[in-house]
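I opened the model to look up a few places in the chain and then the fold as a whole. My entries follow in the order I made them.

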Amino acid sequence: MASLWNPWHGCHKLSEGCKHCYVYRGDARRGIDSTIVAQTKNFDVPIRKKKRSGEYKIPSGTNVYTCFTSDFFIDAADQWRAQAWKMMKERSDLHFLMITKRIDRFSQCIPDDWGDGYDNVTICCTVENQDRADYRLPIYREAPIKHKMIMCEPLLERIDLRPYNIGEWVEHVTAGGESGKDARVCHFDWIMEIRDLCVENDIPFWFKQTGARLVKGGKLYNIPRRLQHSQARKANINYKYRSLTK
Ligand code: SF4
């Protein structure tokens, strides 16, 4: 079972991977300014209870996708984060998963009782090119986090993850192209190189989506949005991947 929790909304573009951010694209369609970071009305969703029974509304055992319309570690949310951590601690029966491009802010954003990390929190670090991998992964590798995942999406160039010995500390790797009308090209070979490294190290791998422009066998394919996930599935290159949403 899975649930979505966006305690705040809005973000500031940070690196190449942010260029065509899906939050900005979605907000543009609705006339919302994505640069304004604001608490949402769903801020306390994890601890909301049913009136009658007093039970939590989100059932025990649910995977909670956290902060998917912002970055959990953005500085504009510093004032709300302590409360968010408190809710995650209270709901130790849920599993929270967040994705960040700001792993370099992690150490200044954790609560006092974090220790080696909360068992029920996965923090996923995204890397879109070699430059960002070389900057973020050394920080990420050293960070006290119980569950670590790497996301190479949108994959903008070949990334060599070998120097980071990911077999020793990474639980899962995701890769995918970029979507949207201005999407940059992704090469299937880049995806396969990451996939092969995962197989070699016995790390589950998920080819999430092809993106809108995929080069395979020297040919450029323009892939409509509705087919980007299914085409990735058809490539049949996932390794030990189990969807978290089921
Ligand atoms: S960090 Fe994520 S949410 Fe924020 S602008 Fe970049 S891609 Fe968008």
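Entry, N165. I looked for N165 and found it in the loop between β7 and β8. Strands here are DSSP runs of E with at least two residues, helices are runs of H or I with at least four, and both are numbered from the N terminus. The model is a predicted one, in which local features need pLDDT of at least 70 and side-chain atom pairs count only at pLDDT 80 or more, while totals for chains, interfaces and linings use all residues. Residues are numbered from 1 along each chain as its sequence is written.

The phi of N165 is near 45°, which is positive although the residue is not a glycine. Is N165 buried or exposed? N165 counts as exposed because it has 11 other C-beta atoms within 10 Å. The cut-offs I used are 20 or more other C-beta atoms within 10 Å for buried, 12 or fewer for exposed, and partly exposed in between, with C-beta atoms placed from the backbone.

Entry, P154. I noted P154 in the loop between β7 and β8. The peptide bond from E153 to P154 is cis, with omega near 0°.

Entry, β7 and β8. I checked how strand β7 (residues 147–152) meets strand β8 (residues 172–176): 4 bridges join them, and they run parallel. C152 has A175 in β8 as its bridge partner. Two strands are taken to pair if DSSP finds at least two bridges between them. Strands of a sheet pair through backbone hydrogen bonds, either parallel or antiparallel.

Entry, the sheet. What is the order of the strands in the open sheet? I read 7 strands in the order β1-β4-β5-β6-β7-β8-β10, with parallel pairing. At the edges are β1 (2–5) and β10 (205–209), each of which pairs on one side only. From one strand to the next the twist averages 25°. Axes for this are lines fitted to C-alpha atoms (for helices, over the stretch in contact), and angles run from 0 to 180 degrees between N-to-C directions.

Entry, G117. I found G117 in the loop between α3 (106–109) and β6 (121–126). G117 is partly exposed because 16 other C-beta atoms lie within 10 Å. Leaving out residues up to four places away in sequence, G117 touches P144, I145 and K146; contact means C-beta atoms, placed from the backbone, within 7 Å.

Entry, K240. K240 is in the segment after α6 (225–235). Its phi is near 50°, again a positive value in a residue other than glycine. K240 has 12 C-beta neighbours inside 10 Å and therefore counts as exposed.

Entry, the ligand. Which residues are around the ligand? I listed C11, K13, L14, G17, C18, C21, V23, S70, D71 and K101, where near means a C-beta atom, placed from the backbone, within 6 Å. This shell divides into 5 nonpolar, 2 polar and 3 charged residues.

Entry, the whole chain. I counted 6 helices and 12 strands in the protein chain. Buried residues make up 34% of its 246 residues. Of the contacts with a separation of 6 or more, 76% are between residues 24 or more positions apart. The C-alpha atoms fill a box of roughly 60 × 45 × 35 Å along the principal axes.

Methods:
Nonpolar A, V, L, I, M, F, W, Y, C, P; charged D, E, K, R; others polar. Contact = placed C-beta atoms within 7 Å.
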